[in-house]
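Okay, thanks for coming, everyone. Let me put the structure up on the screen and then walk you through one part of it.

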Amino acid sequence: CIVFALGGSYIGAELTLLISDTAFKIAMLAILPVVAVIVLMPKSLRETPLKPQFSFPVTVAIASAISLVIGVYDGCFGPGTGTFMLILFTMVDRMTLNDANGLSKIANFTTNVTANVLFIVKGYTFLLLGLIAGVFGIIGNYLGTVFFVKKGVKGTKVIIIVVIVVFFVKTLLELVGVI
C-alpha cells in the first residue's frame, strides 16, 4: 500500500501544479457532501465488516488500489484523506475498523511526505509553516486516535461530520471571497 500511495501522491502533486485554486475549491464543495452522506450511512465505519473478510491477496490488491486512488487525491487536494481511506478500507475492502485505521495512518503519512517532497523540490513550500502544521497534524492524529479508542464508531462519526461541515463552510466562504 505504501508503494501505491507514494505513486498516487506523486501523480496528484504533479496534477496540483496544473489546476487552479478555484477548481480545487469547487471540487471540494462537490466531494464533501458525498463524504458526509457516506459517513452517515449505517454500514460505514463499522467495528467489524458486515461480510466475511477477503483472502489476504485480495485484501492487499484492493487496499493497494485504494491507496493509489486516494494517494492521487491527497497529492492533489489533501483534506479528508485519512477519513476517505478509513471509509474505503472498511466498506470496500472489508477490513476491521482497527486494521483500517492503522493502515490509513501509514498510507496517509506516505502520501503527505511524498507530496511535500515534490512541492519542496519545486519551490512551492513554506518549510517553517509546513513544519508547524505537521506538528499540529501529529497532535491531531494522536488526539483523534485516543478519541476513537474511547468513543468508538459513533463518537468518531460525529467528529468527522463536524470537521466536514466546518471545512465545507470555510471552503465556500473562500470561494465567494469572504475570507
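**How α3 sits against its neighbours**

So, α3 passes α5 in a right-handed crossing. Keep in mind that this is a predicted model. The two helices, α3 and α5, pack at an angle of about 40°, and their axes are 10 Å apart. Angles under 35 degrees would count as roughly parallel and 65 to 115 as roughly perpendicular, so α3 and α5 are oblique to each other.

Which residues meet there? On the α3 side we have Ala63, Ser67, Gly71, Asp74 and Gly75, and they meet Leu103, Ala107, Asn108, Thr111, Asn112, Ala115 and Phe119 of α5.

Now α3 itself. This helix covers residues 56–76, which is 21 residues, and it reaches 30 Å from its first C-alpha to its last, close to the 30 Å expected. Quite a list of α3 residues is buried, including Thr59, Ile66, Ile70, Tyr73 and Cys76. What covers the buried residues of α3? The cover includes α1, α2, α4 and α5. Just after α3 comes glycine 78, with a positive phi of about 110°.

Let's zoom out to the core. The largest nonpolar core has 25 residues, and the ones with the most contacts inside it are Val35, Val39, Leu45, Phe89, Leu97 and Ile164. Our helix α3 supplies at least two residues of this core, and so does each of α2, α4, α5 and α6.

Last stop, leucine 97. Leaving aside residues up to four places away in sequence, leucine 97 touches Leu45, Arg46, Glu47, Leu86, Thr90, Phe148 and Val153.

Notes
Residues numbered from 1 in each chain as written. Predicted model: local features only at pLDDT ≥ 70, side-chain atom pairs only at ≥ 80, totals over all residues. Heavy atoms only, no water. Helix = DSSP H or I, 4+ residues; strand = E, 2+ residues; numbered from the N terminus. Expected span 1.5 Å × (residues − 1). Buried < 20%, exposed > 50% of the residue type's maximum accessible area, 1.4 Å probe, protein only. Contact = heavy atoms within 4.5 Å. Core = buried A, V, L, I, M, F, W, Y, C linked by side-chain atoms within 4.5 Å. Axes fitted to C-alpha atoms, helices over the stretch in contact; angles between N-to-C directions. Parallel < 35°, antiparallel > 145°, perpendicular 65-115°, else oblique. Left-handed = near helix turned anticlockwise from the far one by under 90°.
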